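Hi there,

Here is the structure I promised to pass on to you. Have a look at it first, and then read on for what turned up.

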Amino acid sequence: MDSNVDWKEFLLTWIIKISGYSAIVFVGLIFFFLLKEGLPTLTEVSLSNLFSDRWYPIEEYYGILPLISGSLVITIGATAIAVPLGIGTAVYISEIAPKWAREILKPLIELLGGLPSVVLGFLGILIFTPNLRVLLDLPTGLTALAGSIMLGFVALPTVVSVAEDALDTVPRSYREGAWALGATNWQTIWKVTLPAARSGVLTAVMLGVGRAIGETIIVMMVTGNAPVMATSISALFSPVRTMTASIAAEMGEVANDSVHYHTLFFIGMILFIITLIINITASAVVFRQQKRSEKALS
Amino acid sequence: MNQPWTRRLRALASDQDLIQKVGYTALTLVAVSVFIPIVLVLGYLVFKGVGVIDWEFLTAMPYDGMRKGGIMPAVVGTFYLTVGTAIFSVPIGIASAVYLSEYAKDNALTRLIRIAIINLSGIPSVVYGLFGLGLFVLFLNFGTSILSASLTLSIMTLPVIISTSEEAIRAVPQSFRTVSQSLGATKWQTIRRIVLPEATPGIITGVILGLERAAGETAPILFTGAAFFLPQLPGSVFDATMALPYHLFVISTQIPEMPFQIQYGTALVLVFFVLSMNLVATIIRSRARAKRQW
């Protein structure tokens, strides 16, 4: 082999190695730029203003609490819908469904996951929220409830596919053991299979939450965008504004390097940190589970 | 007096067959309640939109405040953005997958890379938009442009491409590598001639699934490259562009008295665009599985 090949191989190996580290570099870069543009807020806006309940940037009120509460309300609502429906559907698909039902449901849910969120938001404005308004007799259908229901369906494919994977990895012998002891199918699902898959199911829930909290376009289109502090359950039936929607709606209109601009980046930084925590926790669960199963095998 | 009641209730609660029946019915209902809205939504969209789409709708410029005419610049723009995203994300994504499956040792650094990938896939799309604005549009001074938007989308697409490609590469049996290297091939020759060709269908599937997501996203391009309306097509990568998702957002929220037909037509074109990519990916995947000998 001539030295030309060696040289080429050396170069390619380096390119591959550098690309391998790219994910770390990009996460670092993203965090750096959020800090760089977001942290100046702390010197420009007093903490009592920043953590107040009034978001009205034109008059220099930069209270982010209503936006955080808006995100919280919608995420909790979406989780309340996506988790039971998602885990129920995953159990149905992996444990109960006849083959034909599985063959229809799985691609359909994948399809839902592939739909661009702007399309769902569009149908939300045109069909879902007007009907919701009439049905519940509200002044407007553009409410936290509308956002929660739609985001529930956005998070659903994530929850279903991760939870189903988790159920699939439960060894068949576990189920056979339960049946041999006289348990019904239902008892086996409930007392053996689901508990055995619980860390995967937990991951599914967390990734679903992450998906819901980060969704932007749908909430911007269907939740009415009023930056009002959510204090009671009735907040579900009124318009709210989330962190993501504020960034998307206002960033286009602010001057670069203005206080408002920095504050929107600050909100982005909070979102980044929230999703970072969710994802690291979720992956820690997965890693621990892997280690345990490796131990069980060896 | 109450005794028979509670006893009957207790008997019911311990009737395992009944419980199973109730449980199964409940889960079936859950599945149906997931199934029906999806089918209704898709069916309604096709029903309302399909009549609008014709050759002229796809190839004409919009006019009269976008209330008339076609959506050609948005279709072309989405095509540009998808290709631009592919140019950056495909080489980096595949190289990264090769690193993880062929080179990386099982150590702390590799775990850190994996955590970074999981995090990249979880970052909200609008935060990618902020990042793209900060780095590409302002710091590197690319402006609101196809280039900035493509770069932003390609970083967002990376985790999908890396993880699906890695899975495809890992699925190639270890014995293939051993045989190749025992015949005197170098590590790179083995990867280039043996591993990558075998893993190609899986990699292509991953790439398409990643690009599908990029094509449908609105938030990351909001402040990095999307234009409200342009009278002509973009001339270079430093121009902003119209794009289907943002166009749908604009005509369904920002323009009063927008005709519904155009909205439904645009939504359906976007769904077709994205789902046909999905379909191609699925076909490639199932064909490769059927053909596989190992």
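How many helices and strands are there in chain B? Chain B has twelve helices and two strands, where helices (H or I, at least four residues) and strands (E, at least two) are DSSP runs numbered from the N terminus. Read along the sequence, they follow the pattern α-α-α-β-β-α-α-α-α-α-α-α-α-α. The radius of gyration of chain B (taken over C-alpha atoms) is 25 Å, well over the 19 Å that the globule rule (2.2 Å times the number of residues to the power 0.38) gives for 294 residues, so chain B is more spread out than a compact globule.

Before going further, a note on how to read this: it is a predicted model, in which local features need pLDDT of at least 70 and side-chain atom pairs count only at pLDDT 80 or more, while totals for chains, interfaces and linings use all residues. Residues are numbered from 1 along each chain as its sequence is written, and chains are lettered from A and ligands numbered from 1 in the order in which they are written.

Along the principal axes, the C-alpha atoms of chain B fill a box of roughly 85 × 70 × 40 Å. Of its 294 residues, 47% count as buried; that is, 20 or more other C-beta atoms lie within 10 Å of the residue's own, against 12 or fewer for exposed and anything in between for partly exposed, with C-beta atoms placed from the backbone.

H5(B) has 15 residues and reaches 21 Å from its first C-alpha to its last, close to the 21 Å expected at 1.5 Å a residue (1.5 Å times one less than the number of residues). Its buried residues include Ile113(B), Ile117(B) and Leu120(B).

Now for two loops. Most residues other than glycine have a negative phi. Asp137(A), although not a glycine, has a positive phi of about 55°, and its place is in the loop between helix H6 (117-136) and helix H7 (144-168) of chain A. Asn141(B) is not a glycine either, yet its phi is positive, about 60°; Asn141(B) lies in the loop between helix H6 (125-139) and helix H7 (146-170) of chain B. Asp137(A) counts as exposed, with 7 C-beta neighbours inside 10 Å, and Asn141(B) is exposed with 9.

Finally, the contact between the chains takes 65 residues from chain A and 66 residues from chain B (C-beta atoms, placed from the backbone, within 7 Å). Helix H1 (residues 3-38) of chain A gives the largest share of chain A's side, 20 residues.

Enjoy exploring!

Methods:
Contact = placed C-beta atoms within 7 Å.
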